[in-house]
Amino acid sequence: MDLTQITFYAIAILASVSALGVVASKDIVRAASFLIVALSMIAALFALLGSLFLSMVQLMIYGGAVIVVILFGVMLTRREEPKSRIRQLTRSENLAYLGFSVLLVLTLAFLEYRIGGLYLRPEGIPADSQAIGIVMYSQYRGVVIALAGLVATAGVGSIYLVKRKRGDSS
Amino acid sequence: MISLFQVVLFSTVLFAIGLYGVLTSRNAVRMLMSIEILLNSANVNFAAYAAYTGLLQGIVAAIIGIAVAAAESSIGIAVILLLDKNFRTVDLDKIKELKG
């Protein structure tokens, strides 16, 4: 086992435990802290896979902007905590969820058994920001424009939703 | 050397945890956090396949996914604040109607 694999396992375990902490921790602020760790670990994984640019984007947008928005949401809605933090699923729902998860893992294991030995390129992703920009603004120009429209609409829409008075349907 | 299977398995574990969070959260903000974990598992998959094939399209798809997640997060928080204003709670079990 080389250093890359050890680093990958450390990142995977930390990210999975933090994601579990998001779901299972009692305090919502602590859950947000776990979310920061999980997202940062995923940024570290992107860097390990060779894309420093994606890692930087992940840290800036998820580790910065989204976390701040979520913490604002926590602060502005922290009036009353639900008594039980998680909804108890029925036995059949639990079984369905477990079956789904096991099926996913088994499918992956089967694929690994049939077409195993697929290794990532040792040099990682051949990507600098210039190459990514060329691909985005040539092949995916329409998608980028649509995305800009989506983000602008989301920003304006969220402001409109929050500022709307109760009963104001116009 | 990392195999594709390891990264995709990690992504599956993240997806399963996020899905469990979405199914069981009573707090709307926690549900939003779980959705972020779900979207991140998709981005990990994109990055893994980009690292396997050496194509940049996976990275572009991951960047698009991150932007969509940011938009979703802002709309989600706005909806949660609206729910809090109208129903005085963010407990999803107590919110029984969609009328604003």
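**A guided tour of chains A and B**

Buried residues account for 57% of the 100 residues in chain B. The model on the screen is a predicted one, and the tour starts with this chain.

**Stop 1: select chain B.** Colour the chain by secondary structure. Chain B contains 3 helices and 0 strands, and from the N terminus on its elements run α-α-α. The radius of gyration of chain B is 17 Å, well over the 13 Å that the globule rule gives for 100 residues, so the chain is more spread out than a compact globule. Among the contacts in chain B with a separation of 6 or more, 45% are accounted for by residues 24 or more positions apart.

**Stop 2: select B:Arg88.** This residue lies in the segment after helix 3 (57–87) of chain B. Is B:Arg88 buried or exposed? B:Arg88 is exposed, with 12 other C-beta atoms within 10 Å. Its backbone also deserves a look. Most residues other than glycine have a negative phi. B:Arg88 is not a glycine, yet it has a positive phi of about 60 degrees.

**Stop 3: select chain A.** Here the count is 6 helices and 0 strands, and the order from the N terminus on is α-α-α-α-α-α. The radius of gyration of chain A is 21 Å, well over the 15 Å that the globule rule gives for 170 residues, so chain A is more spread out than a compact globule. Its C-alpha trace spans about 60 × 50 × 25 Å along the principal axes. Buried residues make up 24% of the 170 residues in chain A. Of the contacts in chain A between residues at least 6 apart in sequence, 52% join residues at least 24 apart.

**Stop 4: colour the domains of chain A.** Select residues 1–79 for domain 1 and residues 127–170 for domain 2. How many Å separate the centres of domain 1 and domain 2 of chain A, taken over C-alpha atoms? The separation is 23 Å.

**Stop 5: show both chains together.** The contact takes 76 residues from chain A and 66 residues from chain B. On the side of chain A that touches chain B, two or more residues come from each of helix 1 (3–24), helix 2 (28–48), helix 3 (52–77), helix 4 (91–114), helix 5 (129–138) and helix 6 (141–163) of chain A. Which helix gives the largest share of this side? Helix 3 of chain A does, with 14 residues. Coloured by class, the side of chain A that touches chain B shows 54 nonpolar, 15 polar and 7 charged residues.

Stop 6: Keep helix 3 of chain A and helix 2 (residues 28–53) of chain B in view. Two packed helices are described by the angle between their axes and the distance between the axes. For this pair, the axes come within 11 Å and cross at roughly 170 degrees. Angles over 145 degrees count as roughly antiparallel, and helix 3 of chain A and helix 2 of chain B are therefore roughly antiparallel to each other.

Now display the side chains of the residues that meet:

- From helix 3 of chain A: A:Leu54, A:Val66, A:Ile70, A:Gly73, A:Val74 and A:Thr77.
- From helix 2 of chain B: B:Val29, B:Leu32, B:Met33, B:Glu36 and B:Ala47.

By class, the contact of helix 3 of chain A with helix 2 of chain B has 8 nonpolar, 2 polar and 1 charged residues.

Methods: Residues are numbered from 1 along each chain as its sequence is written. Chains are lettered from A and ligands numbered from 1 in the order in which they are written. This is a predicted model: local features need pLDDT of at least 70, side-chain atom pairs count only at pLDDT 80 or more; totals for chains, interfaces and linings use all residues. Two residues are in contact if their C-beta atoms, placed from the backbone, lie within 7 Å. Helices (H or I, at least four residues) and strands (E, at least two) are DSSP runs, numbered from the N terminus. Ala, Val, Leu, Ile, Met, Phe, Trp, Tyr, Cys and Pro count as nonpolar, Asp, Glu, Lys and Arg as charged, and the others, Gly among them, as polar. The radius of gyration is taken over C-alpha atoms; the globule rule is 2.2 Å times the number of residues to the power 0.38. A residue is buried if 20 or more other C-beta atoms lie within 10 Å of its own, exposed if 12 or fewer, and partly exposed in between; C-beta atoms are placed from the backbone. Domain bounds come from an automatic or database domain assignment. Axes are lines fitted to C-alpha atoms, for helices over the stretch in contact, and angles run from 0 to 180 degrees between N-to-C directions. Angles under 35 degrees count as roughly parallel, over 145 as roughly antiparallel, 65 to 115 as roughly perpendicular and the rest as oblique.
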